Amino acid sequence: MTLHVDYLVGGAGAMGMAFADVILHESDKTFAIVDKRPAPGGHWNDAYPFVRLHQPSAFYGVNSRALGDDLIDKVGWNRGLYELASKGEVCAYYDRVMREQFLPSGRVHYFPNCEVNAQGEVVSLVTGSSIEITPDKYVDASYMQVQVPATRDPDYAIDEGALCVPINALPKVAGPNLTYTIIGGGKTAMDAVLWLLANDADPQKIHWVRPRDSWILNRANIQPGELALKSQESFLRQMTEISESGTPEEMFARLNSAGILWRLDPEIWPSMYRCATVTPAEFTQLKRVRNVVRMGHVERIHTNGLELTGGEYALPEDTVYIDCSADGLAKRPAQAIFQSQRITLQTVRFCQQVFSAAFIAHAEVTYKDDAKKNEICNVVPHPDTDEDFIRVTLANTLNSIVWNQDEELMQWLVDARLDGFSVIRRTADESVVEIGARAVANMQRFLAS
Ligand SMILES: Cc1cc2nc3c(=O)[nH]c(=O)nc-3n(C[C@H](O)[C@H](O)[C@H](O)COP(=O)(O)OP(=O)(O)OC[C@H]3O[C@@H](n4cnc5c(N)ncnc54)[C@H](O)[C@@H]3O)c2cc1C
């Protein structure tokens with residue numbers, strides 16, 4: 001029997017779910033949602049046990065259903081800021097969205113443990129048999145290629161006798177008097193270091209391989225609800241600093257002084273920007289690790305140290321190596337999101353994947369032709385370098401200017417749970433619009449030079 005649906009969604013991760021949710025609420029369309037994994041939620045199913053969202057739960061999930069209780073944490077290094085869902089909460093949330101909302105709607109057919117293959121066929125990974133589905137449109141909800149350490153092998157060699165595990169196994173391998181070497185300069189590595197320090201590991205026994213240092217965002221500046229005013233002030237300050245800077249270097253220095261972009265080492269000018277976000281308390285903790293290995297990428301782990309692109313680094317034989325080098329935020333080539341019968345989910349606001357998927361879904365049901373939809377949904381690819389900070393901040397601002405001109409769209413944004421930022425921009429007055437225009441001109445000049 002052949003199943004006909006309006007949309008076949010390849011991937012029940014956060015983006016596929018956020019996309020389907022908006023269309024289910026704003027139309028009477030039908031879906032087949034297919035995923036290789038046995039449960040919705042994508043990479044969260046394979047995340048490390050102590051992972052939490054990096055940004056407030058209030059902005060995450062699907063638009064129609066709150067995640068968490070909008071509480072401000074009273075304990076821990078996120079104290080004073082809005083709650084961050086744990087892995088368990090995120091997975092349970094997507095399970096409930098599927099079981100309590102999507103499936104009872106009668107408009108969603110869910111195929112876990114199935115793959116959309118290169119020919120576009122849906123094949124069961126359990127039986128190998130094909131499932132006949134004829135969609136009007138295919139939605140690629142896996143184009144962003146999120147990688148997590150548990151689901152891929154590191155791209156360096158490991159000698160026999162050396163113990164290297166993905167971050168998922170850190171709580172299992174941790175023990176008294178061990179030396180730890182954290183491999184990776186991104187947010188996953190920061191989480192590994194923070195877990196060790198939260199469990200009273202000696203910072204001197206931690207070595208941290210950071211091929212590049214990162215500009216880091218302050219989570220206190222990305223807050224909803226009663227803390228949104230500070231986020232608004234920070235956003236305006238950011239635009240002001242950019243608008244008053246003569247060079248990119250001056251801009252980064254000003255944003256650094258303003259506490260908008262942090263760096264862990266005042267002697268090192270970061271060359272990486274990938275939206276890593278921590279709290280002031282976490283930032284203070286991370287700076288306690290002084291054994292930072294800046295000798296390029298790891299090529300091989302020996303039993304007595306590391307072979308890196310920049311040379312050898314000796315370590316004790318009892319060292320446990322923690323792999324945090326997976327690319328959770330791959331910088332994929334941007335492509336038109338709407339291409340006739342195919343929709344390729346990407347970010348239209350940087351590092352806001354679920355918001356982006358929801359926004360794309362709203363554009364799909366609201367506008368008629370692909371040209372208009374693509375004009376509204378201009379892709380803002382994931383950032384990777386310091387220069388990308390300018391690129392994505394500019395692209396975000398230009399998208400907001402386009403969205404601002406559409407009254408209906410602006411109202412949708414202000415009402416959207418997953419959009420924590422349009423309310424902030426909406427309340428901006430004329431002088432702010434002028435500052436924004438100067439910031440845009442400066443960013444364009446920086447990128448052209
Ligand atoms: C540790 C971590 C914390 C994060 N915290 C936040 C946060 O706080 N706020 C925020 O906005 N963002 C956050 N992000 C970023 C982003 O929101 C998440 O990574 C998001 O879950 C990405 O979802 P996705 O659907 O794009 O990808 P995935 O989770 O990778 O989902 C894609 C799905 O597609 C399936 N698939 C792939 N190919 C096929 C195929 N051929 N056939 C069938 N199925 C297929 C896969 O099995 C997978 O389940 C975080 C990311 C990480 C890694």
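Strand E10 and strand E11 (residues 206-209) run parallel and are joined by four bridges, strands being DSSP runs (E, at least two residues) and helices likewise (H or I, at least four), numbered from the N terminus, while two strands pair if DSSP finds at least two bridges between them. Within this pairing, Ile182 has Trp208 of E11 as its bridge partner. Strand E19 (residues 319-323) also runs parallel to E10, through five bridges, and here Thr181 stands opposite Tyr321. Four of the five residues of E10 (residues 179-183) are buried, so the strand is largely enclosed by the rest of the structure; buried means that 20 or more other C-beta atoms, placed from the backbone, lie within 10 Å of the residue's own.

This is a predicted model, in which local features need pLDDT of at least 70 and side-chain atom pairs count only at pLDDT 80 or more, whereas totals for chains, interfaces and linings use all residues. Residues are numbered from 1 along each chain as its sequence is written.

Around the ligand there are 30 residues, the closest being Gly11, Gly13, Gly42, Leu53 and Ser142, where a residue counts if its C-beta atom, placed from the backbone, lies within 6 Å. Helix H1 (14-26), strand E4 (114-116) and helix H8 (353-366) each supply at least two residues of this shell, and H1 gives the most, with three.

The chain is divided into domain 1 (3-146 + 332-397) and domain 2 (149-213 + 263-323), with bounds that come from an automatic or database domain assignment. Their centres, taken over C-alpha atoms, are separated by 30 Å.

Methods: A residue is buried if 20 or more other C-beta atoms lie within 10 Å of its own, exposed if 12 or fewer, and partly exposed in between; C-beta atoms are placed from the backbone.
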